[in-house]
Amino acid sequence: MLRYFFIAFILGTISVAVLAGFRGTKSDLPPLQIFPDMKHQPKYQPQHESTFFADGRAARVPVAGTIPLGYTLPGSFLQAGAKNGTIQPSGFTNEPNYYNTGKFGDVYGDGFPLDVTEALVKRGQERFNINCAVCHGKVGMADGITSKFGIGAIANLQDDRIRVMPDGQLFSTITNGKNTMGAYGPNIAVEDRWAIVAYIRALQKSQSVKLADLPAAKQKELQSKP
């Protein structure tokens, strides 16, 4: 019985070697592909000739008005629904400048590369509630709805660690993600990301303001309440 097993094993090994060939050998014959894995498809490769088109080229001229991937049209921020917002500069959003990366070289920058207006902060509030509040909560306390379902490592935006974090680092985190937070760069426009950062700063101030920091009229109003 054992002899038949060895005979079958040897014959099987020889059959596999014959069918598969020897690695590194060269032959003018086409290879025998048992599993072609879609290696051969009826398609044209870039820069190749074509017998289908009259000019003989496989590559075609882009349709008029085609926008390159990653390019921002002038005013696209307004087109996305930002009423009374500022107009995002046109250009490629992967340009290595502070506006698009939050960095100066390899160092995170601080401050905003656009005017922080009431309209921008309101836009940031809207975008924050849509994209961020689900995890971070309405005021950034890491108490969003996902925290009720076991999602861990949600950053508390009111922590001193994040309060002192450069604005550019917050922008970069939104863009590229961190830990369990995915990258929102592909989903949120550059100016909207800065608007969210501005709103986060407003949230932080709202949770740590002191009575002495308020205008005199507001202090008097609060002190008069029972």
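Begin by selecting Lys122 and Glu118, whose side chains form a salt bridge with the closest N and O atoms 3.3 Å apart; a salt bridge here is a side-chain nitrogen of Lys or Arg within 4 Å of a carboxyl oxygen of Asp or Glu. Before going further, note that this is a predicted model, in which local features need pLDDT of at least 70 and side-chain atom pairs count only at pLDDT 80 or more, while totals for chains, interfaces and linings use all residues. Residues are numbered from 1 along each chain as its sequence is written, and side-chain values use heavy atoms, with hydrogens and water left out.

Next select Asp192 and Arg123, whose side chains meet in a salt bridge at 2.7 Å, N to O. This pair links distant parts of the chain, with Asp192 in helix α8 and Arg123 in helix α4, 69 residues apart. Both Asp192 and Arg123 are buried.

For another pair, go to Arg57 and Asp55, which form a salt bridge with their closest N and O atoms 3.4 Å apart. Arg57 is partly exposed at a relative accessible area of 44%, and Asp55 is likewise partly exposed, at 39%. By the rule given above, the count comes to 7 salt bridges.

**The whole chain**

Now zoom out and colour by secondary structure: the protein chain has 9 helices and 4 strands, and along the sequence these follow the pattern α-β-α-β-α-β-β-α-α-α-α-α-α. Buried residues make up 26% of the 226 residues in the chain.

**The largest pocket**

Select His136, Ala155, Thr173, Lys178 and Met181 to find the largest pocket, which has a volume of about 530 Å³; of the 26 residues that line this pocket, these five are the closest to its centre. The search runs on a 1 Å grid over the protein atoms alone, and a pocket is an open set of points where a 1.4 Å probe fits, with protein on both sides within 12 Å along at least five of seven lines, whereas lining residues have an atom within 4 Å of a point. Grid points are joined across faces, edges and corners, and the volume is the space filled by probe spheres set on the points.

The elements that give two or more residues to this lining are α4 (118-131), α5 (133-136), α6 (160-163), α7 (167-176) and α8 (190-206). By class, the lining has 18 nonpolar, 6 polar and 2 charged residues, with Ala, Val, Leu, Ile, Met, Phe, Trp, Tyr, Cys and Pro counted as nonpolar, Asp, Glu, Lys and Arg as charged, and the others, Gly among them, as polar.

**Helix α1**

Val107 is found in strand β4 (residues 107-108) and is exposed, with a relative accessible area of 53%. Its C-alpha atom is separated by 8.9 Å from that of Gly168, 61 residues apart along the chain. Cys135 lies in helix α5 and is partly exposed at 24% relative accessible area, and the C-alpha atoms of Cys135 and Thr146, 11 residues apart along the chain, are separated by 5.4 Å.

Finally, select Gln47, in the loop between α1 and β1 (71-72), where phi is near 70°, a positive value in a residue other than glycine. Gln47 counts as exposed at 75% relative accessibility. Ala142, in the loop between α5 and α6, also has a positive phi, of about 65°, although it is not a glycine.

Technical notes
Buried < 20%, exposed > 50% of the residue type's maximum accessible area, 1.4 Å probe, protein only.
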